[in-house]
Amino acid sequence: MTPPSRPPQTTPRLLLSAALGCCLLFQWNSSLAAGDAAKGKTLAETQCAACHGADGNSDVSLFPKLAGQQAIYVLRELQDYKAGRRQHDAMSPLAATLAEADMEHLAAYYAAQESKPTQVNDAKLLPIGKALYLEGNSKSGVPSCDGCHEEGGEGSKRFPRVAGQHADYTLDQIKQYATGKRSNGVKVMRTIAERLTDAEARALAEYMASLK
């Protein structure tokens with residue numbers, strides 16, 4: 001499989017479309033209160049460590065790494081789990097027990113942790129994943145990922161960090177978006193996920209895992 005090519009004149013339209021779609025279809029909570037990372041550490045160690053690791057660097061590839069994640073994203077996902085906008089057998093009942101302040105504390109704690117390097121499963125896919133991440137695929141209408149998640153995958157106050165995320169988890173989330181199982185978040189993600197081939201999704205997931 002060769003990396004997808006892109007006509008230069010189509011890229012700005014793809015990026016603009018993705019950016020406008022993200023901004024119009026998804027509203028972030030911009031008034032995130034300052035959580036207490038110390039209180040978040042206690043909560044993380046007692047309620048979250050079994051799956052996500054004590055410092056947010058999960059050892060299980062299907063459990064997301066939360067270390068270094070954007071605080072506003074962690075808070076928003078916890079709120080969605082509690083409100084039923086996102087469903088998970090373990091996370092939904094756990095989030096239901098958390099007060100708003102607890103969620104803010106957890107968000108602050110995980111954002112302050114350092115993400116450790118993640119294992120890449122198939123290094124041969126990295127060039128393909130990099131081309132897709134930075135350039136998209138104009139033939140299928142898939143925009144680049146860096147328009148929202150930044151070139152290094154660090155995310156921003158509006159979009160989540162994807163750098164260093166487990167490839168298996170990322171691939172699972174792409175599939176959930178494509179099938180509509182995951183319906184919260186940026187609606188344009190479902191359109192993108194639907195247009196990615198299985199091979200492209202795997203390559204993207206591996207490339208994101210390789211980012212620091």
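Buried residues make up 49% of the 212 residues in this chain, where buried means under 20% relative accessible area, exposed means over 50%, and partly exposed lies in between, with a 1.4 Å probe and protein chains only. The accessible surface of the chain comes to about 10,600 Å², and 55% of that belongs to carbon and sulfur atoms; these areas come from the Shrake-Rupley method with a 1.4 Å probe, and for residues only the protein chains shown count as cover.

I should state the basis of these values. This is a predicted model, in which local features need pLDDT of at least 70 and side-chain atom pairs count only at pLDDT 80 or more, while totals for chains, interfaces and linings use all residues. Residues are numbered from 1 along each chain as its sequence is written, and side-chain values use heavy atoms, with hydrogens and water left out.

Let me turn to the overall layout. The chain has 10 helices and zero strands; helices (H or I, at least four residues) and strands (E, at least two) are DSSP runs, numbered from the N terminus. Of the contacts with a separation of 6 or more, 73% are between residues 24 or more positions apart, a contact being heavy atoms within 4.5 Å.

How many of its 13 residues are buried? The count is 11 of the 13, so helix 3 is largely enclosed by the rest of the structure. The buried residues include Tyr 73, Arg 76, Glu 77 and Asp 80. They pack against helix 4 (91-96) and helix 5. The 13 residues of helix 3 should span 18 Å at 1.5 Å a residue, and the end C-alpha atoms are 18 Å apart, which agrees; the expected span is 1.5 Å times one less than the number of residues. Just after helix 3, Gly 84 takes a positive phi of about 85 degrees.

Next, a buried arginine. Arg 182 sits in the loop between helix 8 and helix 9 (188-195), and at 5% relative accessibility Arg 182 counts as buried. Which residues does Arg 182 touch, not counting residues up to four places away in sequence? They are Tyr 73, Arg 76, Glu 77, Arg 86, Tyr 169, Gln 173, Gln 176 and Tyr 177. The side chains of Arg 182 and Tyr 73 are joined by a polar contact of 3.0 Å. A polar contact is a pair of N or O atoms within 3.5 Å; within protein, one must be able to donate a hydrogen and the other to accept it, and residues adjacent in sequence count only if both atoms are side-chain atoms. Arg 182 and Arg 86 are 96 residues apart in sequence, yet 6.6 Å apart in space, C-alpha to C-alpha.

I come now to the nonpolar cores. A nonpolar core is a set of buried Ala, Val, Leu, Ile, Met, Phe, Trp, Tyr and Cys residues joined through side-chain atoms within 4.5 Å. The largest has 27 residues, of which Tyr 133, Leu 196, Leu 204 and Met 208 touch the most other members. Helix 6 (126-135), helix 8, helix 9 and helix 10 each supply at least two residues of this core, and the largest share, seven residues, comes from helix 10. Apart from this core lies another, of 17 residues, among them Cys 48, Leu 78, Ala 95 and Ala 107.

What of the cysteines? The structure holds zero disulfides, a disulfide being a pair of cysteine sulfur atoms within 2.5 Å. The sulfur of Cys 145 is 8.7 Å from the closest cysteine sulfur, in Cys 148, too far for a bond. Cys 145 counts as buried at 13% relative accessibility, and Cys 148 does at 11%.

Finally, Glu 150 lies in the loop between helix 7 (146-149) and helix 8 (167-179). Phi of Glu 150 is near 75 degrees, a positive value in a residue other than glycine. Most residues other than glycine have a negative phi. At 29% relative accessibility, Glu 150 counts as partly exposed.
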